[in-house]
Amino acid sequence: QVLIRFTTPVSGVLFVLFIGFMKICVLNVLCSIIFEKSQSVIKPDMWTQMYNESKTQLQVAEHFRNLCNKIDTKNDGNVSVDELFTHLQNESVWSEFLALGVDLRKCEDFWELLLSSTATSKSNLREVDIDTFVDGCMRLKGTATSMGMHTVL
């Protein structure tokens, strides 16, 4: 009772505000700890991540295949260098390749790499089948790996 006599209403209000603020701080810390623990629990395991990556790669390959079918104007199941050059003049086709992670600014170099990595006969250097083209695009996309560089060399 002695302490109550020496306190003013302002100090009482400040004390209540201080206690409320501290409760909010403690609850905030506890909530962040719980949230962090729950995020680590719902993180996908390695097998799920591998499955998702494999599914993504299949979707990208299918997108490349659809794009190649658009490029194949003769509908013979092959992509010729002339068809590719013609369609790359169209900005939307070029942008699709870029969106898929393949930059074909140096199309001639890509075509030579594609031909050198396939067992195509030297008599037909002007076209490759769509599956070979898609495989080349999938290997070209992304960053260079040590194994990929040894294959090229």
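Phenylalanine 97 and phenylalanine 133 are both buried, a term that denotes a relative accessible area under 20%, as against exposed for over 50% and partly exposed for values in between, with a 1.4 Å probe and protein chains only. The model is a predicted one, in which local features need pLDDT of at least 70 and side-chain atom pairs count only at pLDDT 80 or more, whereas totals for chains, interfaces and linings use all residues. Residues are numbered from 1 along each chain as its sequence is written, and side-chain values use heavy atoms, with hydrogens and water left out.

The structure contains 2 aromatic pairs, where rings of Phe, Tyr and Trp (its six-membered ring) are taken to pair if their centres lie within 6.5 Å, planes under 30 degrees apart being counted as stacked, those over 60 as edge-to-face and the rest as tilted. In the pair formed by phenylalanine 64 and phenylalanine 97, the ring centres are 6.1 Å apart and the planes stand at 35 degrees, so the arrangement is tilted. Because phenylalanine 64 belongs to helix α3 (residues 46-71) and phenylalanine 97 to helix α5 (residues 91-99), this pair ties together parts that are 33 residues apart in sequence; helices here are DSSP runs (H or I, at least four residues), numbered from the N terminus. Phenylalanine 64, like phenylalanine 97, is buried. Between phenylalanine 97 and phenylalanine 133 the ring centres are 6.3 Å apart and the planes lie at 80 degrees, so that pair is edge-to-face. This second pair also links distant parts of the chain, with phenylalanine 97 in helix α5 and phenylalanine 133 in helix α7 (residues 130-140), 36 residues apart. Through these ring pairs, Phe64, Phe97 and Phe133 are linked into a cluster.

Charged side chains form 4 salt bridges in the structure, each defined as a side-chain nitrogen of Lys or Arg within 4 Å of a carboxyl oxygen of Asp or Glu. One of them joins arginine 65 to aspartate 131, with the closest N and O atoms 3.3 Å apart. Since arginine 65 lies in helix α3 and aspartate 131 in helix α7, the pair ties together parts that are 66 residues apart in sequence. Arginine 65 is partly exposed, at a relative accessible area of 26%, and aspartate 131 likewise counts as partly exposed at 46%. Lysine 70 and glutamate 96 form another salt bridge, whose closest N and O atoms are 3.0 Å apart. That pair links lysine 70 in helix α3 with glutamate 96 in helix α5, 26 residues apart, and glutamate 96 is partly exposed, with a relative accessible area of 22%.

Within helix α7, arginine 139 and aspartate 135 are 4 residues apart and therefore separated by about one helical turn, and their side chains meet in a salt bridge at 3.5 Å, N to O. Both partners are partly exposed, arginine 139 at 44% relative accessibility and aspartate 135 at 41%. Salt bridges with shared partners also join Glu62, Arg65 and Asp131 into one network.

Methionine 22 is located in helix α2 (residues 9-42) and, at 36% relative accessibility, counts as partly exposed.

Technical notes
Helices (H or I, at least four residues) and strands (E, at least two) are DSSP runs, numbered from the N terminus.
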